[in-house]
Amino acid sequence: MVRRALARDGGYAMAWDQIQQRWDEYKRRVRERWGRLAEHEVDEFDGERDRLVGKVAEVYGIERSEAEGQVREFEESVRPGRDAP
């Protein structure tokens, strides 16, 4: 299943599958955003969005819905045309 997040600014849909396909390029950005995540954990996600959300919630001690929002913001921040990974 393809997951998509709808950005609030202009309605641009960023497909998570684009991030997943280029996970090796985005891992560094994930580690910058969530510095408490261990490098091996980020490697193991292999771009799986649900695993990232779950680990962010666990490591940061936040509700899953809050972690979901953070990942959605991350998706929007790395959309094409913003800045390269």
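Predicted model: local features only at pLDDT ≥ 70, side-chain atom pairs only at ≥ 80, totals over all residues.
Q: What secondary structure does the protein chain have, and in which order do the elements run?
A: The chain has five helices and two strands. From the N terminus the order is β-β-α-α-α-α-α.

Q: What share of the protein chain counts as buried?
A: Of its 85 residues, 39% count as buried. The cut-off for buried is under 20% relative accessible area.

Q: What makes Trp-16 and Trp-23 count as buried or exposed?
A: Buried means under 20% relative accessible area. Trp-16 has 3%, so Trp-16 counts as buried. Trp-23 also has 3% relative accessibility, so Trp-23 counts as buried.

Q: How many aromatic pairs does the model have?
A: The count comes to two aromatic pairs. 

Q: Why is the pair of Trp-16 and Trp-23 called tilted?
A: Ring centres must lie within 6.5 Å to pair. Those of Trp-16 and Trp-23 are 6.4 Å apart, so the two rings pair. Planes under 30 degrees apart count as stacked, and over 60 as edge-to-face. Here the planes stand at 50°, so the pair is tilted.

Q: Why is the pair of Trp-34 and Phe-74 also called tilted?
A: The ring centres of Trp-34 and Phe-74 are 5.5 Å apart, so they meet the 6.5 Å limit. Their planes are at 55°, so this pair is tilted.

Q: What does the pair of Trp-34 and Phe-74 tie together?
A: Trp-34 lies in the loop between α2 and α3, while Phe-74 is in helix α5. The pair therefore ties together parts that are 40 residues apart in sequence.

Q: How do you know whether Trp-34 and Phe-74 are buried or exposed?
A: Trp-34 has a relative accessible area of 0%. Phe-74 has 4% relative accessibility. The limit is under 20%, so Trp-34 is buried and Phe-74 counts as buried.

Q: What makes the charged end of Arg-49 count as sitting over the ring of Trp-16?
A: For Arg, CZ must be within 6 Å of the ring centre and within 35 degrees of the ring normal. The charged end of Arg-49 is 5.7 Å from the centre of the Trp-16 ring. Arg-49 itself is one of the buried residues of α4.

Q: Which residues of the largest nonpolar core touch the most other members?
A: They are Trp-16, Trp-23, Val-30, Trp-34, Leu-37, Leu-52 and Val-56, out of 18 residues in this core. Each of α1, α2, α3, α4 and α5 supplies at least two residues. α4 gives the most, with four residues. In soluble globular proteins, nonpolar side chains tend to be buried together.

Q: What is Val-56 in contact with, leaving aside its neighbours within four places in sequence?
A: Val-56 is in contact with Trp-34, Leu-37, Gly-61, Ile-62, Ala-67 and Gln-70.

Q: How do you know that the span of α4 agrees with its number of residues?
A: The expected span is 1.5 Å times one less than the number of residues. For the 12 residues of α4 that should be 16 Å. The end C-alpha atoms are 16 Å apart, so the span agrees.

Q: What do the buried residues of α4 pack against?
A: They pack against α1, α2, α3 and α5. The buried residues of α4 include Leu-52, Val-53 and Val-56.

Q: Which residues of α2 are buried, and what covers them?
A: Trp-23, Tyr-26, Lys-27, Arg-29 and Val-30 are buried in α2. Their cover includes α1, α3, α4 and α5.

Conventions
Residues numbered from 1 in each chain as written. Heavy atoms only, no water. Buried < 20%, exposed > 50% of the residue type's maximum accessible area, 1.4 Å probe, protein only. Contact = heavy atoms within 4.5 Å. Phe/Tyr/Trp six-rings, centres within 6.5 Å; stacked < 30°, edge-to-face > 60°. Core = buried A, V, L, I, M, F, W, Y, C linked by side-chain atoms within 4.5 Å.
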